[in-house]
Amino acid sequence: MPSLSLNKNQSRVIVVGAGIGGLTAGALLAHRGYSVLILDQALVPGGCASTFKRQGFTFDVGATQVAGLEPGGIHHRIFSELNIDLPEATPCDPACAVYLPGESTPINVWRDSQKWQEERQKQFPGSEPFWQLLTTLFNASWEFQGRDPVLPPRNLWDLGQLIQAVRPSTLITAPFTLFTVGDALRLCGLGSDSRLRTFLDLQLKLYSQVSAEETALLYAATALSVSQLPQGLFHLQGSMQVLSDRLVESLERDGGKLLMRHTVEKINVENGKANAVVIKNQKTGEVWTESADHVVANVTVQNLVELLGENAPSGYKQRVAKLPPTSGAFVVYLGVEKSAIPADCPPHLQFLYDINGPIGENNSLFVSVSHEGDGRAPEGKATIIASSFVDFTPWWNTQDYEGLKQKFTQDAISKLSQYFYLKPETIIYVEAATPKTFAHFTGRESGIVGGIGQRIPTFGPFGFANRTPINNLWLVGDSTHPGEGTAGVSYSALTVVRQIQAQN
Ligand SMILES: Cc1cc2nc3c(=O)[nH]c(=O)nc-3n(C[C@H](O)[C@H](O)[C@H](O)COP(=O)(O)OP(=O)(O)OC[C@H]3O[C@@H](n4cnc5c(N)ncnc54)[C@H](O)[C@@H]3O)c2cc1C
């Protein structure tokens with residue numbers, strides 16, 4: 001059996017998965033004195049926020065922009081505690097330039113609040129009451145979240161943490177707990193403003209997985225407001241990988257260990273308590289069981305049920321089985337000549353092509369473009385990454401997977417050509433990722449990405465808890481509150497670390 005050097009005198013924690021959620025939990029636990037072992041089945045850490053290199057280009061696999069780097073932001077807080085440098089980053093301004101079908105001028109989501117207010121008043125006349133409601137809810141929710149509530153609570157300690165985060169100002173959010181964005185639009189007399197609704201559908205699909213009609217209002221208030229100062233979105237210098245690399249550095253400095261290409265095949269449970277994991281070393285094929293005091297699962301809730309097998313509590317299993325279908329992603333990665341990029345191209349753009357078509361399935365594309373000197377492309381060249389949410393089922397059922405991938409790739413390039421100058425002479429490198437690719441490289445069942453969707457029955461107080469029904473088994477990552485994104489999963493990691501500490 002390989003020696004994993006888990007220190008027998010310290011409380012031992014095994015973390016399944018080195019995504020941003022698992023790395024953050026592992027690094028914090030190691031820093032707070034636990035003996036930590038992180039296992040990941042992939043070649044490089046970072047999961048959906050990792051990168052790969054081809055022909056001199058560096059491509060971000062999934063996540064391309066980061067929230068929470070400002071003072072008080074979650075990455076900032078965690079990096080300060082770990083005493084590691086925050087990655088260098090440039091603010092995204094606009095955070096996104098959104099092009100609706102047939103329109104040649106974008107809706108610019110500016111970083112400056114005043115400028116964004118002027119833009120939306122110009123773009124969506126009469127919509128200010130809706131935005132003001134969002135701002136009010138955001139201010140209250142943001143302060144509440146900053147006091148580290150545990151959501152949803154599962155025992156008295158969790159409940160205590162939740163209650164201590166509530167202030168009189170939080171109560172303003174209470175009547176809106178069961179509201180969707182669609183309800184708020186109707187409340188503000190904007191139910192039939194189809195242009196505003198299309199814009200919201202597009203933006204919310206990125207953050208909540210679902211349309212404005214379904215997205216929980218309290219979630220949307222945060223998702224639609226963090227792009228403005230004093231918060232804001234950032235583009236990391238170098239690549240997204242820097243986030244993971246710094247967390248690994250911190251983990252190892254504090255005595256923790258990360259083993260890549262090690263798959264956890266099973267989580268063992270005895271007397272209602274997780275006590276070990278079964279590990280397979282992919283290089284040698286060796287399989288063994290490693291015991292632990294706590295197991296932190298940085299996987300999707302669907303994967304967690306798989307890992308528990310017959311130990312999964314039946315109620316939990318049924319709840320997961322009944323979740324509405326979640327999306328996969330199709331992503332095309334292009335290495336191009338700089339001449340393919342229009343002058344003054346913003347770093348992030350979103351396009352909708354057919355107003356009657358779906359949001360996703362290449363009918364909408366979220367695009368991230370590198371800029372000179374950001375470390376992603378050789379001089380005079382650039383990267384373009386375009387992603388779209390897709391139904392994952394056809395990708396697994398088709399008889400002609402390569403044909404479908406080719407078709408999606410060509411279709412995406414042809415749509416991108418309406419904005420970028422994409423010709424054989426400007427395209428240097430093309431690669432695409434499908435739900436099958438994500439399943440392979442991130443281990444996520446069926447290649448689903450982005451969490452469980454922020455509908456009323458699955459967001460915040462009604463979502464999946466970090467504290468699972470099995471003692472000493474914890475869930476971190478985008479299936480839990482506050483949802484997808486590197487900032488979101490870092491919150492979930494911090495919550496689990498506090499819960500473990502409170503127990504020991
Ligand atoms: C196309 C796309 C674009 C996105 N854009 C953004 C963005 O711009 N900004 C943003 O903040 N977020 C974005 N996101 C979301 C963000 O990337 C994720 O929410 C976040 O990175 C998820 O982190 P995680 O730690 O929960 O899980 P993951 O990143 O999925 O990490 C889980 C890790 O666990 C490992 N693993 C799984 N099962 C096992 C097992 N059995 N044994 C061992 N290891 C295992 C995997 O290999 C993986 O490394 C995007 C996602 C996608 C797909």
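## Helix α2 and its buried side

In helix α2, which spans residues 74–82, the buried residues are I74, H75, I78, F79 and L82. These residues lie on the same side of α2, because they cover an arc of only 125 degrees around the axis. The structure described here is a predicted model.

Several other elements take part in covering the buried residues of α2. Just after α2 comes N83, which takes a positive phi of about 60 degrees.

Strands of a sheet pair through backbone hydrogen bonds, and the pairing may be parallel or antiparallel. In this model, three strands form an open sheet in the order β11-β12-β13, with antiparallel pairing. The edge strands are β11 (262–270) and β13 (287–291), each of which pairs on one side only. From one strand to the next, the twist averages 25 degrees.

Strand β12 covers residues 273–281, and its antiparallel pairing with β13 extends over five bridges. Within these strands, A276 stands opposite S291 of β13.

## The surroundings of the ligand

Which residues come nearest to the ligand? Of the 36 residues around the ligand, the nearest are D40, Q41, C48, Q65 and R444.

## S127, a residue in a loop

The loop between α3 (113–123) and α4 (128–146) contains S127. Is S127 buried or exposed? The relative accessible area of S127 is 0%, and residues under 20% count as buried, so S127 is buried.

The side chain of S127 makes a polar contact with the side chain of W131, at 3.0 Å. When neighbours within four places in sequence are left aside, S127 is in contact with R120, L190 and L196.

Note on methods. Residues numbered from 1 in each chain as written. Predicted model: local features only at pLDDT ≥ 70, side-chain atom pairs only at ≥ 80, totals over all residues. Heavy atoms only, no water. Buried < 20%, exposed > 50% of the residue type's maximum accessible area, 1.4 Å probe, protein only. Helix = DSSP H or I, 4+ residues; strand = E, 2+ residues; numbered from the N terminus. Arc of directions from axis to C-beta. Contact = heavy atoms within 4.5 Å. Pairing = 2+ DSSP bridges. Axes fitted to C-alpha atoms, helices over the stretch in contact; angles between N-to-C directions. Near = heavy atom within 4 Å. Polar contact = N/O pair within 3.5 Å; in protein donor to acceptor, adjacent residues only side chain to side chain.
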